[in-house]
Amino acid sequence: MADQSAVSAGKARVGSQNIIQIADLKKIYQLGKTSVEALRGVNFSVAEGEFTVVLGPSGSGKTTLLNIIGCLDRATSGQYLLDGEDVSNRDFNDLAEVRNFKIGFIFQNFNLIPVLNVIENIEFPCLVRDKREERAKLRERVRAVCAEVGLERFMTHKPDELSGGQRQRVAIARALITEPRLVLADEPTANLDSKTSDQILELMQRLNREHSTTFLFATHDPRVMELARRTVRIKDGLVVPD
Amino acid sequence: MSPLVLMSFRNLSRNRRRTLLALGAVVVGLCALTMIRGFVNSVRQAQLGATVYGTTGMMQIHRTGYLKNVLSNPLDLAFADTAELREKILSVKHVKALSPRLQFSGSLSAAEPVVAGAEAQTNSEPKTTFIAANAVDPELDRIVLPQFYTWLTAGKVFDTADAPSMVVHGDIAGPLGVGNVELNMSQPKELWPVLLTPDKDGSLAGEAIQVTGVIGSAVPTDKRLALAPLRTVQRILKMDGQITEYVLTLDDVARASDVQSDLVKILGPDFEVSRWDEIVPFIQELLSNIDFIFDIITSVFLLVIMLGIVNSMFMNVLERVREIGTMMALGIRRGYILALFVLEGAFIGSLGAFIGLGIGIGIVAIASKIGIPINAPGSTLKFMLHPFLTVSFLLRAFLLTSMGAALVSLWPAWRASRMKPVEALSAV
């Protein structure tokens, strides 16, 4: 287990507080009798409000790292502090709560729930909480987020009635409605044409600027890399120094 | 509306064909079960009705030991039919009416010669047949055993307890040459058949008696059955005021056990009080067997229905693995996923049960209106069955199907809820 000094080794670059602090993070997959080390002791931190890109070739451990940061997977060893809290050894429902309150996800394939319309998709993460927000108030916030991402005219549309760009806007709105500490975007522009990609990236950049929301991307898109204020490169399960 | 309920409901329309197939299985199964139940209910009711309103009554009172000795010397255990005793019995709660009866056996011999020229009665050979008869007061007996009197296939039942006439079973009437009731009634007394019966002392007593009616039976019964006027038989047997039993009808057959205990207390040890199911236990066994068979059929149907739902739910889970992963990423708990799929299963079960029961009720209502004629084994008359359903059956069927569907959906739902988010999200 990494000690606190190792955790503190990550540098805060924008805000005073680190949203992500990772120390000596390892992930080993057992494939039959073979062990595959996907992460071999990653040390890494992201400060509040950063717009960071994680880069790396296929098989570098990039997705594994993002999954652990997103509390979707657990590290084999090492320490991970999210917003100052150690989430390395939480159980499923605890992690679900962490994801719900602190992390917003934007997926490559949008991952909207097909039976829900735009409003319902966006408000979904807030409705599955134990303590629910007042419905009228929530709807008001959903409308505001919709306006912010340019979906006012599509609020009652189902996902299959929307274009790829519009779907990704819904996904962004859904990620933002919970006012998360961190937004994780896994190849958010991979399924979009270049014009739509530019619009989506511009939108995310604006949201990062205006709301100081921390964005962490995994991408191969050079346009995203151009916009990123920080790039973290991963190779063979380790963070390559800048 | 809760997003859980909303999603479960909307998910039903995602793969319409599959939902319709699962729903169809529930609808067809429930509809079939409802029709079978309606039919079984009518068979039970007809059988029970024929027994308690046509054969045994709901309850019988005899002198102690009578039922054990009924085949040897039933007359030895006769007792006085007094107004006081009747009053005592009728004072018991739920006893609606009683009919005094005198059971006796004997023979009926056609007079010689039988009228020549009549088609059905051309044989001039004297004929004798044995009978197992009940002597009754028709006025009282009609109240206690009303269905028995609907089984009359020809002629009429004597009007008074001292009439010189009797009613015999069709199986006796034909061979004995008294099947043509109209002809019987026009015959002079000298040509009436003779009723011979041994009295308490074993001496044969006899009297000419007119056969005014022929009876059939809608239940397996003794083909030697005959019905005679009570006072006429009492006179022949020199047993004035004596009877062998009271047959009782109650305002509710389900109260039979309570009434039995009350009567036992009131009448004391000299009398035995028997419920209909103690007198003819095989009928109760038959009804229980019908219920048992129906329960087996129900179980098989429900099993098939539930397997259909489980299969459909597993397909739903497999089709939505990535969606499950997405929901997990958004922070829902395992219980939520579980509830989502269980609710979907419950929706299919409830909706299917609702439609299936609705169609079933409609078909049963039509069948009830038209009636289903059926011949019971051993009976000489046709039953007309009128299928019907009870609210408790409908409620039980609905609850069992919807709750059963929810319960079996737990299996696929559990599998869905135990998925790892990272694996579910990477599913193709």
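Guide: A residue is called buried if 20 or more other C-beta atoms lie within 10 Å of its own, exposed if 12 or fewer do, and partly exposed in between, with the C-beta atoms placed from the backbone. By that criterion 42% of the 428 residues of chain B count as buried, and 47% of the 242 residues of chain A do. This is a predicted model, in which local features need pLDDT of at least 70 and side-chain atom pairs count only at pLDDT 80 or more, whereas totals for chains, interfaces and linings use all residues. Residues are numbered from 1 along each chain as its sequence is written, while chains are lettered from A and ligands numbered from 1 in the order in which they are written.

Visitor: Is A:Glu226 buried or exposed?

Guide: A:Glu226 counts as exposed, because it has 9 C-beta neighbours inside 10 Å. The residue belongs to helix α8 (residues 222–227) of chain A, where helices (H or I, at least four residues) and strands (E, at least two) are DSSP runs numbered from the N terminus. Its C-alpha atom is separated by 20 Å from that of A:Thr63, which is 163 residues away along the chain.

Visitor: What is the radius of gyration of chain A, and what does the globule rule give for 242 residues?

Guide: The radius of gyration is taken over C-alpha atoms, and the globule rule is 2.2 Å times the number of residues to the power 0.38. Chain A has eight helices and ten strands. Its radius of gyration is 18 Å, close to the 18 Å from the rule, so chain A is as compact as a globular protein of that length. The C-alpha trace of chain A spans about 50 × 40 × 40 Å along its principal axes.

Visitor: What radius of gyration does chain B have?

Guide: Chain B has 32 Å, but a compact globule of 428 residues would have a radius near 22 Å. Its C-alpha trace spans about 105 × 55 × 30 Å along the principal axes. An automatic or database domain assignment supplies the domain bounds, dividing chain B into domain 1 (3–51 + 284–425) and domain 2 (56–279). The centres of these two domains, taken over C-alpha atoms, are separated by 50 Å.

Visitor: How should I read the length of α13(B)?

Guide: The expected span of a helix is 1.5 Å times one less than its number of residues. For the 37 residues of α13(B) this gives 54 Å, which agrees with the 54 Å between its end C-alpha atoms. Just after α13(B), B:Gly371 takes a positive phi of about 90 degrees.

Visitor: How many residues does each chain bring to the contact between chain B and chain A?

Guide: Two residues are in contact if their C-beta atoms, placed from the backbone, lie within 7 Å. The contact takes 19 residues from chain B and 20 residues from chain A. On the side of chain B that touches chain A, α12(B) gives the most, with five residues. The residues of that side divide into ten nonpolar (Ala, Val, Leu, Ile, Met, Phe, Trp, Tyr, Cys and Pro), six charged (Asp, Glu, Lys and Arg) and three polar (the others, Gly among them).

Visitor: Which strand order does the open sheet of chain A have?

Guide: Strands of a sheet pair through backbone hydrogen bonds, either parallel or antiparallel. Two strands count as paired if DSSP finds at least two bridges between them. The open sheet of four strands in chain A has the order β2-β1-β4-β5, with antiparallel pairing. Strands β2 (34–47) and β5 (85–86) of chain A stand at the edges, each with a single partner strand, so one side of each is left without a neighbour in the sheet. Strands β1 (residues 18–31) and β4 (residues 77–82) of chain A pair over five bridges, and A:Ala23 stands opposite A:Gln79 in β4(A).
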